[in-house]
Amino acid sequence: AARDFAAGTAGGMLGVLAGQPLDLAKTRLQAVPRFDGQPTWRVVADTARGEGPRALYRGMSFPLYSACLVNAIVFSVQGASERALRGAVGEERARTNGFIAGCVAGLAQSPLVSIA
């Protein structure tokens, strides 16, 4: 269970770290008139050049914390559900177990996702 929690936390963190510069570019393409019609790579490059590379990660704290929490919950619940189902239903029903465990994990994360 601790491995599932750690894997979910790391996955959420890396997902936000990888996607934040693209999210910033998307927001600037939508909101900043001087970027109208520019390709995404140009927005990222101009931002990094003009404001420094740290600007690509500005405003990342809430998405980082929330993604870590949500993914940690999903991975933990899915792992625990799969282990419980494996004992109750058996190894030969791996796809069914994975589907049901995924449904349970989705149900467990829904209160957090609907708030955040």
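The following dialogue explains how to read several features of this predicted model.

Trainee: How many residues does helix α3 have, and what distance does α3 reach?

Mentor: Helices are DSSP runs (H or I, at least four residues), as strands are (E, at least two), and both are numbered from the N terminus. The expected span of a helix is 1.5 Å times one less than its number of residues. Helix α3 covers residues 61–89, which makes 29 residues. From its first C-alpha to its last, α3 reaches 41 Å, close to the 42 Å expected. Just after α3, Gly90 has a positive phi of about 115°.

Trainee: Which residues of α3 are buried, and against what do the buried residues pack?

Mentor: Buried means under 20% relative accessible area, exposed means over 50%, and partly exposed lies in between (1.4 Å probe, protein chains only). In α3, the buried residues include Leu64, Ala67, Cys68, Val70 and Leu85. Contact means heavy atoms within 4.5 Å. The buried residues of α3 pack against α1 (2–31) and α4 (94–115).

Trainee: Where does α4 have a kink?

Mentor: The bend at a residue is the angle between axes fitted to the seven residues ending there and the seven starting there. In α4, a kink of about 40° lies at Gln109, shortly before the proline Pro111. Helix α4 has 22 residues and reaches 32 Å from its first C-alpha to its last, close to the 32 Å expected. Asn97, Ala101 and Ala105 are buried in α4, and the buried residues of α4 pack against α3.

Trainee: Is Gly98 buried or partly exposed, and which residues does Gly98 touch?

Mentor: Gly98 belongs to helix α4. Gly98 counts as partly exposed because its relative accessible area is 22%. Not counting residues up to four places away in sequence, Gly98 touches Gln78 and Glu82. Gly98 and Gly87 are 11 residues apart in sequence, and their C-alpha atoms are 13 Å apart in space.

Trainee: How many salt bridges are there, and which residues form a network?

Mentor: Side chains of opposite charge can pair when their charged atoms come close. A salt bridge is a side-chain nitrogen of Lys or Arg within 4 Å of a carboxyl oxygen of Asp or Glu. The count by this rule is five salt bridges. One of them joins the side chains of Arg28 and Glu51 (2.8 Å, N to O). This pair links distant parts of the chain, with Arg28 in helix α1 and Glu51 in helix α2 (residues 40–51), 23 residues apart. Arg28 counts as buried because its relative accessibility is 16%, whereas Glu51 is partly exposed at 38%. Glu51 also meets Arg58 in a salt bridge (3.1 Å, N to O).

Trainee: Why are Asp46 and Arg49 separated by about one helical turn?

Mentor: An α-helix has 3.6 residues a turn, so residues three or four places apart point the same way. Asp46 and Arg49 are separated by about one helical turn because they are three residues apart in helix α2. They form a salt bridge whose closest N and O atoms are 3.0 Å apart. Asp46 is partly exposed at 22% relative accessibility, while Arg49 is exposed at 64%.

Trainee: Which residues form a nonpolar patch on the surface?

Mentor: Patches are made of residues with over 30% relative accessible area and no salt bridge; like charges are joined within 9 Å, and nonpolar side chains (Val, Leu, Ile, Met, Phe, Trp, Tyr) within 5 Å. Accessible areas come from the Shrake-Rupley method with a 1.4 Å probe, and for residues, only the protein chains shown count as cover. Met13, Leu14, Leu17 and Tyr57 form a nonpolar surface patch, with about 340 Å² of accessible area together. Leu17 is in helix α1 and counts as partly exposed at 31% relative accessibility.

Trainee: Is Gln20 buried or exposed?

Mentor: Gln20, in helix α1, is buried, with a relative accessible area of 8%. Leaving aside neighbours within four places in sequence, Gln20 is in contact with residues including Leu56, Tyr57 and Arg58.

Note on methods. Residues are numbered from 1 along each chain as its sequence is written. This is a predicted model: local features need pLDDT of at least 70, side-chain atom pairs count only at pLDDT 80 or more; totals for chains, interfaces and linings use all residues. Side-chain values use heavy atoms; hydrogens and water are left out.
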